[in-house]
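The following exercises concern the structure shown below. Each task is followed by a solution in steps.

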Amino acid sequence: MFGYCGDVLYPTLVLGQLGDLAGQSLLWDQQATAEMRHDKIVEYLKRSFERRHNAPDYDFIILHGARDGEGLRGSFYLWKTSYQAGRRTWTDQKIEVGVPLKSAVLVKLGSGDHALDREINAWNASPQGGTARSIFSSFCDALEKKSDPLSGGVPQIVSLNRRGGGRVIGFIADGAHYVYGVPIQPLPELSKIEWVDSLFQRMSPETMTLLPNAQRHARVEKGEKDGLAKFIGKSFGKTGS
């Protein structure tokens, strides 16, 4: 599972290549550990970067999340691989995951971290604090309030659970479906993936309402009618609380 920050062009290109190669088992064998897979990924990043021709250099950071094993015996890992264009240097940092007692943010990147911190603090003061859904709702609130002028758009959501590979999660807001932050047409195939709203409530892609027996989540307060709502083009939060 990957994420990135900084330059858009190179990470978008190379992560697409890595995902395709890994999906076809062309980078490592089935016995490779998460550490071994990560080493192969970093090696590919560097080799691919050096083979570019007449391309400008910009700073970027790539996050790589992985898991060894499955179920309760599985172990999760996270790395941050950075390139500094000014120095033409690479750094690779392993981020401690451990076994947290509650959900927490492992890393924040980009200019919007202070805006996100404010929303996380607000949610932590509520009964929902310290949960995955409160962290996600904090992120949505930070986008909606548009406190950081360089942050915007619709949340892009992926997950790595205790079983299976990485999964994409769809996002529903104001009568529209989004995958990887891009609106898509309503199709029967949408039910193949999980869908959530800004409160991380499990949603039906057909009815755009809560799934039967889905748990309802309360929110701290409604955000300003700006930011994410403005990006979508209508008022945000019809799914309610």
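**Exercise 1.** State where Tyr 180 lies in the predicted model, and which surface patch Tyr 180 belongs to.

*Solution.* Step 1: Two strands are located, β7 (176-179) and β8 (182-184). Tyr 180 is found in the loop between them. Step 2: On the surface, Tyr 180 forms a nonpolar patch with Met 1 and Val 158. Together, these residues have about 280 Å² of accessible area.

**Exercise 2.** Describe the order of helices and strands, and determine how the radius of gyration compares with the globule rule.

*Solution.* Step 1: The protein contains five helices and nine strands. Step 2: Along the sequence, they follow the pattern β-α-α-β-β-β-α-α-β-β-β-β-β-α. Step 3: The radius of gyration is 19 Å, close to the 18 Å given by the globule rule for 241 residues; the protein is therefore as compact as a globular protein of that length. Step 4: The C-alpha trace spans about 50 × 40 × 40 Å along its principal axes. Step 5: Of the 241 residues, 39% are buried.

**Exercise 3.** Identify which elements have the lowest and the highest mean pLDDT, and decide how the low values should be treated.

*Solution.* Step 1: The average pLDDT of the protein is 89, and 91% of the residues score at least 70. Step 2: Among the elements, strand β4 (residues 89-95) has the highest mean, 98, whereas helix α5 (residues 228-232) has the lowest, 49. Step 3: Over residues 230-241, pLDDT stays under 50.

Key: Residues numbered from 1 in each chain as written. Predicted model: local features only at pLDDT ≥ 70, side-chain atom pairs only at ≥ 80, totals over all residues. Heavy atoms only, no water. Patch = residues over 30% accessible without salt bridge, like charges linked within 9 Å, V, L, I, M, F, W, Y side chains within 5 Å. Areas by Shrake-Rupley, 256 points an atom, 1.4 Å probe, with all protein chains shown as cover. Salt bridge = Lys/Arg side-chain N within 4 Å of Asp/Glu carboxyl O. Helix = DSSP H or I, 4+ residues; strand = E, 2+ residues; numbered from the N terminus. Rg over C-alpha atoms; globule rule 2.2 N^0.38 Å. Buried < 20%, exposed > 50% of the residue type's maximum accessible area, 1.4 Å probe, protein only. pLDDT = per-residue confidence, 0-100. Contact = heavy atoms within 4.5 Å.
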